[in-house]
Amino acid sequence: MFRYFTDIFSGLWSLFVGMGITFHEFFKPKITVHYPHESIKMTARYRGHIELIPGEDGQPLCVVCGMCEKACPSNCISISGEKPEGSKKKVLTSYKLNFTTCSLCGSCVDSCNFGAVRFSREYNLASTRKEDYHYDLLKRLEESIQ
Amino acid sequence: MSLTLLNVVAAVIIAIAFVAANAAYLVWAERKGAGFIQRRPGPTENGPWGLLQPPVDGIKLMTKQLLIPGGVDKIIFVIAPVLAMFPSIVSFVTIPFSDTIVAHNVNIGLLMIFVFGSMSAMALLMGGWSSRNKYSMISSVRAVSQAVAYEIPMLITAITVVMIAGSLDLMDIVHKQSGGFWHWNIWPFQKGLFNILMPVSFLIFFVCSLAETNRAPFDLGEAESELVAGFHTEYSSMGFGLFFMGEYANIVIGACLTTILFLGGWDCPFGLLPGVWWFIVKIYILIFTFIWIRWTFPRTTIYNLLNLSWKVLIPISLFNLLLTAGLLKVF
Amino acid sequence: MSEPIVLQPDETFILNVGPQHPATHGVLRVKMTMDGEFIYDAETVIGYIHRMHEKMAENRTYAQYLPNLSRLDYLSAMAYCHGYVLAVEKAAAIEVPQRAEYIRAITVEMNRISSHLVWFGAFVMDLGGFSPLMYAFDDREQILDLLEAITGSRLTYCYFRFGGLYNDIDDDFIEGTRRFIKRMRKSLKMYHKLVTTNIILMTRLKDIGPVSADMCQRYGATGPVARGSGINYDVRRNEPYSVYPEFDFDIPVYSEGDSFARYKVRMEEMEQSLRIIEQGLDKLPDGPVNPEKKPKTIKLPPGDYYTAVEAGRGSFGIRIVSDGDKSPYRLKLRSPTYSNMHLFDEACRGMLIADALAFMGSLDLVIPEMDR
């Protein structure tokens, strides 16, 4: 009989404690970031799609070894280069990235021994066409240098 | 004669307008309140502070296709939402907002309000049954047993107050509590009557009005995460809108009734300037508490709900009734 | 309820809690045969999100398979990567520097807290209380921001490499984590007051879905489900791996076997994870995070290798059968949710729907992990 009343009182007390907590939270500052009007600072290591790193002369550091193409689990990268006469190294002629199958794993960045690719910080990438996600990274590098 | 007719017509129109405005803007208040409790702003885009959100939602609801699924019982399907909204509007006619602002005071006002309140339980049953949907059927069965179980303690505590006041007339009940907050029915210091259990009565009445209006933590009828939407799953457009507005109108009626019976109606806490503004302040404090409770607690199960009513609320309210009767006899 | 309810098999109807439902945490279909409000029988239909991860492993090299593991159980992805990386390192005998081991343990425990916060929010929301979800997700945002600062991703981390990590942590991360630990301890106290001691929640969860230790052993349930039934088994303690023997933490075990016991186990696990993170940050050694010589292509010697780690839901096992080639011959993923889920089929007889959903929530199911 006594337990009946203690159960009711302790139950009621727990309800009042809970209500006190939500009342306290009612007056705390809001944590929503109103996205189009405000935005959050991006971290330095954010993983956007990859991009080529230029050397001092503005040319990509890529030597067309093909390690990134082989390392990619989803066959996103297709790369081609040619060897101009009189020079020992290959020159990059096209570097195409198919971002629709990329899983941002970083195997390409890891496998490059020449430090030629890194993650960009592109995130505003909504589009209605698949072709918008087939990036031509060489063109992107040339545009960013100008 | 025609003046009283005009009076009644004007009162009915004002009652409908008040109910509609409240139902619409209580949705806004609920969403803002929920947002603030959850540390987010709630509606902000439509209009300043989201104040245009209810009209926009109303337009959305009205322009949706009114779908009556094949195979439902057409008459009952169409009547159910109307029946959910109609009793609340009618109950407003008898509620006194102050000494002079009352549509039509009947001397059995309290009884009328309870009668119309029971009718809304029937609307839930009709809505769920006619929908020809297993989920709706389960939820309307739950809702009816909940409504029946919680009406009893509500009536018993109301009778306790009626015994103290001596009449069923709502204006008399308020007049007996006039003169400052120590005369209100919630405190045990009545005129000559010392009843320690009156706050308990207030709590029981409050919990019962939460349960009668199908409001969390007793909203098994709607139980969004379990049964999609319960008894109003099959309703679209204005059918859903009417159920929705009916729920909020019932909340306002519950708050008004609690204020009149226990908190002194339009009486000022210090007995200075009684008037309709105190009434409005008190009902909105109670409505804020309804919203606050909804967004804090999880839902009970049907067995815990019924256990609470039959094993806890009814014995305590009966005991209080007997105690009050005994004290009234002795003093 | 005093006597057991006797269900009539001839008055039943079938209720389909379909693949699309707010409370089944993924695409899971449960065909319930109901007698009124009670469940007479239930049949779970799984496989709606089977993505053939095990087959994909046979066509990829070991390094190319790393992103797949995060997508198995995306809520506690670090533990899955950890299991795979440990299995390959053990088989190929690659040395991992101490600093990398400590950072791995710290990030795995942070991910465990984030996974338990999602469970907590979603579980209480299923029961009808919508606010703790928002509070839990706010705490989880802090973890996700910290982990994004070092790994670059918020949910599907591809941070571990064979022999070490993708990149090192910096001082901002260490300070941020220490602040987070203080904040999380306050939040856990708040959840305790708001949710755990709440009378409505306690009556909702006590004596619901009783799972005995014997039933757990028959179905192979592990993790918080087994620890809520009295089985004192945690892979970090019983089959120690990585740097866990250096940490001092308790394993919460409750023997009642009902949903409330499982709930309490997970809440205390969050506190113990905070202890591990604190000790890890205090003991963090300096040094490199990658070994000096990392083999270019990993080829495991032929054989059969099995490693188990403690993921958010139980013991995640990974078995690699290799024939000396650069991709595995067979990779088997032992999913803890798959074993935990089938407790439902047996325990749900005679329950109400609301209780059945509370039971499923307390089992912490993540369907993509179950279907792989």
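Modeller: Let's start with burial: buried residues make up 20% of the 146 residues in chain A, where buried means 20 or more other C-beta atoms, placed from the backbone, within 10 Å of the residue's own. This is a predicted model, in which local features need pLDDT of at least 70 and side-chain atom pairs count only at pLDDT 80 or more, while totals for chains, interfaces and linings use all residues. Residues are numbered from 1 along each chain as its sequence is written, and chains are lettered from A in the order in which they are written.

Biologist: What radius of gyration does chain A have, and how do I read it?

Modeller: The radius is taken over C-alpha atoms, and the globule rule is 2.2 Å times the number of residues to the power 0.38. For a compact globule of 146 residues that would be near 15 Å, but chain A has 27 Å. Its C-alpha atoms fill a box of roughly 100 × 35 × 30 Å along the principal axes.

Biologist: Which elements does chain A contain, and in what order do they run?

Modeller: Elements are DSSP runs numbered from the N terminus: helices are H or I with at least four residues, strands E with at least two. Chain A has four helices and five strands, running α-β-α-β-β-α-β-β-α from the N terminus on.

Biologist: How many residues of chain A are in contact with chain C?

Modeller: Contact means that C-beta atoms, placed from the backbone, lie within 7 Å. By that rule, 21 residues of chain A are in contact with 21 residues of chain C. Helix 1 of chain A gives the most to this side of chain A, with seven residues.

Biologist: Now to helix pairs. At what angle do helix 7 and helix 9 of chain B pack?

Modeller: Two packed helices are described by the angle between their axes and the distance between the axes. The axes are lines fitted to C-alpha atoms over the stretch in contact, with angles from 0 to 180 degrees between N-to-C directions. Helix 7 (residues 198-212) and helix 9 (residues 238-262) of chain B pack at about 165°, with axes 10 Å apart. Angles over 145 degrees count as roughly antiparallel, so helix 7 and helix 9 of chain B are roughly antiparallel to each other.

Biologist: Which residues meet there?

Modeller: Among them, B:Phe202, B:Phe205 and B:Phe206 in helix 7 of chain B, and B:Leu261 and B:Phe262 in helix 9 of chain B.

Terms used: Angles under 35 degrees count as roughly parallel, over 145 as roughly antiparallel, 65 to 115 as roughly perpendicular and the rest as oblique. Two residues are in contact if their C-beta atoms, placed from the backbone, lie within 7 Å. A residue is buried if 20 or more other C-beta atoms lie within 10 Å of its own, exposed if 12 or fewer, and partly exposed in between; C-beta atoms are placed from the backbone.
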